[in-house]
Amino acid sequence: MNTFTRTAIAAFAAAALPVISMAAHAAEFARTASTITTQDGVELYYKDWGPKNGEVVMFSHGWPLNSDSWEAQMQFLADKGYRVIAHDRRGHGRSSQPWEGNDMDHYADDLSTVIKALQVKDVTLVGFSTGGGEVARYIGRHGTELVKKAALISAVPPMMLKTDSNPHGLPLSVFDGLREASNVDRSQLYLDIASGPFFGFNREGAKPSQGMIQSFWRQGMLAGAKNTYDSIAAFSATDFRGDLAKFDIPTLVIHGSDDQIVPLDISGKASAALVKDAKLIVYEGAPHGLADTNKEQLNQDLLNFIQQ
């Protein structure tokens, strides 16, 4: 073999390494057209819309919802030529309901599994509420090698629970109340949240949408009782401050000024202050569930951010 041939083969091998590496990662996971099985045996349902050669945007949903909650944003961006992907978190929607692993570390690792199994890169990660925590913990655990940008929407970071090191958080009694209500009558709890503070329907002059209320309830009741119960601790007591410190990509933070679930001051504003050069957009008067109540505004802001 002459020198030219050796050099050519070496160059080809070096160029092929990323492809081989991603293919090897993909081979680690059992996959169908709509499910991916994690290494600990959890089956994750996912949607993969839009052109497969489009720039990738991935969505992580809130509690106790599933990927259906993102359909307005996913359809909008897919129509613009983007490949949009969203999975149902373990224990939620159409995914498995494991007894263990209902915590942010597992949620982040599941997101990593979806990314690797689908062999995507240069991804924009978008997380709503609990999903914002999932995105933050993913970056904290897995870095930004495959991530291009991140958007935190009505998101729970940096930390919701009041502690000695987080004195402006919400008291433990708030989350204990959620846990108690979940055990007493989970179905009624979801109706109360959706018909009240989540969409701001408890505000004077609000016009409740029965469609939004029923969709929230339907998604919540598809999730497992144990999984959603455990997830209350995951979204409230997890400290994401260390994760946010590892953000080294363009980051957009969007939050409603009238968020009664995850108050702006302890979340959106605080996260934007911890992420270098993060852009904060506050929707005046908007509630927690702004992906529905302010969907046209959110769709356009996400598109602008992705295109920048």
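Helices (H or I, at least four residues) and strands (E, at least two) are DSSP runs, numbered from the N terminus.

The model is predicted: local features need pLDDT of at least 70, side-chain atom pairs count only at pLDDT 80 or more, and totals for chains, interfaces and linings use all residues. Residues are numbered from 1 along each chain as its sequence is written, and side-chain values use heavy atoms, with hydrogens and water left out.

The pairing of S6 comes next. Strands S4 (residues 56-60) and S6 run parallel and are joined by 4 bridges; two strands pair if DSSP finds at least two bridges between them. Here Phe59 is opposite Val126 of S6. S6 is also joined to strand S7 (residues 147-153) by 6 bridges, again in parallel, and Val126 stands opposite Ala151 of S7.

These strands belong to an open sheet of 9 strands with mixed pairing, in the order S1-S2-S3-S5-S4-S6-S7-S8-S9. Its edge strands, S1 (30-31) and S9 (279-283), each pair on one side only. Helix H11 (residues 295-307) packs on the sheet and touches S4, S6, S7, strand S8 (251-256) and S9, and its direction makes about 155° with that of S7. Contact means heavy atoms within 4.5 Å; axes are lines fitted to C-alpha atoms, for helices over the stretch in contact, and angles run from 0 to 180 degrees between N-to-C directions.

Asp122, in the loop between helix H3 (104-117) and S6, has a phi of about 50° although it is not a glycine. Asp122 counts as partly exposed, at 45% relative accessibility. Ser129 lies in the loop between S6 and helix H4 (130-142), and its phi, near 55°, is likewise positive in a residue other than glycine. Ser129 is buried, with a relative accessible area of 6%.

One joins Trp63 and Pro64, with omega about -5°, and Pro64 is found in the loop between S4 and helix H2 (71-79). Another runs from Pro157 to Pro158, with omega near 5°; Pro158 lies in the loop between S7 and H5.

Finally, the annotation. UniProt lists residues 56-290 as "domain: AB hydrolase-1" in an unreviewed entry; UniProt positions are given in the numbering used here, feature names are shortened, and annotations may be inferred rather than shown by experiment. Over residues 56-290 the chain is 42% helix and 14% strand, with the end C-alpha atoms 22 Å apart.

How values were computed. Buried < 20%, exposed > 50% of the residue type's maximum accessible area, 1.4 Å probe, protein only.
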